[in-house]
Amino acid sequence: MTERKPPGVSFESFVDKQIREAAERGDFSRLAGFGKPLPDEAAPYDELWWVKQKMHREGMAVLPPALQLRKEAEDAAEAVAAAVSESQVRRILGEINTKIAEALRRPPAGPPLHLTPFDVEAELTRWREARNPKGAR
């Protein structure tokens, strides 16, 4: 715990002493941003900079439901390309198709959805072809 400021010592010199001692111990060399450049000073001030940084670090996004579902559909297509088995492809497409079907029954707020459920068999055919190019056995 930090020691209390002794009476008769100015607050500024007390703080300066603590900073100097911490620097001598190397407390500042292990900080998360050590050695990284400072943010651009010319950028306009944003009062919510810390909220945006936290959301970025946590991988969060705030999108209207329709756009969020479109993003999930894009992510599902990428996951299918990286899938290692047909059952994994079917699971990924089944999950996103369930969400898309629900959104088509009750359209979400925001921009138009412009999505249709994935054709699982057609996607599986594409996935197989990507795994086994013609002529390779």
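**Salt bridges and helix packing**

Mentor: The structure holds 14 salt bridges, a salt bridge being a side-chain nitrogen of Lys or Arg within 4 Å of a carboxyl oxygen of Asp or Glu. Keep in mind that this is a predicted model, where local features need pLDDT of at least 70, side-chain atom pairs count only at pLDDT 80 or more, and totals for chains, interfaces and linings use all residues. Residues are numbered from 1 along each chain as its sequence is written, and side-chain values use heavy atoms, with hydrogens and water left out.

Trainee: Okay. Which residue forms a salt bridge with Asp27?

Mentor: Arg25 does, and the closest N and O atoms are 2.9 Å apart. Arg25, Asp27 and Arg30 are linked in a network of salt bridges.

Trainee: And is Arg25 buried or exposed?

Mentor: Arg25 counts as exposed because its relative accessibility is 53%. Asp27, at 26%, counts as partly exposed. The cut-offs are under 20% relative accessible area for buried, over 50% for exposed, and partly exposed in between (1.4 Å probe, protein chains only).

Trainee: What about Lys54 and Glu58, how do their side chains meet?

Mentor: In a salt bridge, at 3.2 Å from N to O. Lys54 and Glu58 are 4 residues apart in helix α2 (residues 49–58), so about one helical turn separates them. Helices here are DSSP runs (H or I, at least four residues), numbered from the N terminus. Lys54 is partly exposed at 41%, and Glu58 is partly exposed at 47%.

Trainee: Which residue pairs with Glu102?

Mentor: Arg105, with the closest N and O atoms 2.9 Å apart in that salt bridge. Glu102 is partly exposed at 29%, while Arg105 counts as exposed at 59%.

Trainee: Switching topic: at what angle do α3 and α4 pack?

Mentor: About 165°, with the axes of α3 (residues 65–82) and α4 (residues 86–105) 9 Å apart. The axes are lines fitted to C-alpha atoms over the stretch in contact, and angles run from 0 to 180 degrees between N-to-C directions. That makes α3 and α4 roughly antiparallel to each other, a label for angles over 145 degrees.

Trainee: Which residues of α3 meet α4?

Mentor: Leu69, Glu72, Ala73, Ala76, Ala79 and Val80. In α4 they meet Val89, Ile92, Leu93, Ile96, Lys99, Ile100 and Ala103, where contact means heavy atoms within 4.5 Å. By class, this contact has 11 nonpolar, no polar and 2 charged residues.

Trainee: Leu93 is on that list. What else does Leu93 touch?

Mentor: Leaving out residues up to four places away in sequence, Leu93 touches Val80, Phe118, Val120 and Glu123. Leu93 counts as buried because its relative accessibility is 0%. From Leu93 to Arg106 there are 13 residues in sequence and 20 Å in space, C-alpha to C-alpha.

Trainee: Last one: what is phi of His114 near?

Mentor: Phi of His114 is near 50°, a positive value in a residue other than glycine. Most residues other than glycine have a negative phi.

Trainee: Where is His114?

Mentor: His114 is in the loop between α4 and α5 (120–131). At 67% relative accessibility, His114 counts as exposed.

Key
Helices (H or I, at least four residues) and strands (E, at least two) are DSSP runs, numbered from the N terminus. Angles under 35 degrees count as roughly parallel, over 145 as roughly antiparallel, 65 to 115 as roughly perpendicular and the rest as oblique. Ala, Val, Leu, Ile, Met, Phe, Trp, Tyr, Cys and Pro count as nonpolar, Asp, Glu, Lys and Arg as charged, and the others, Gly among them, as polar.
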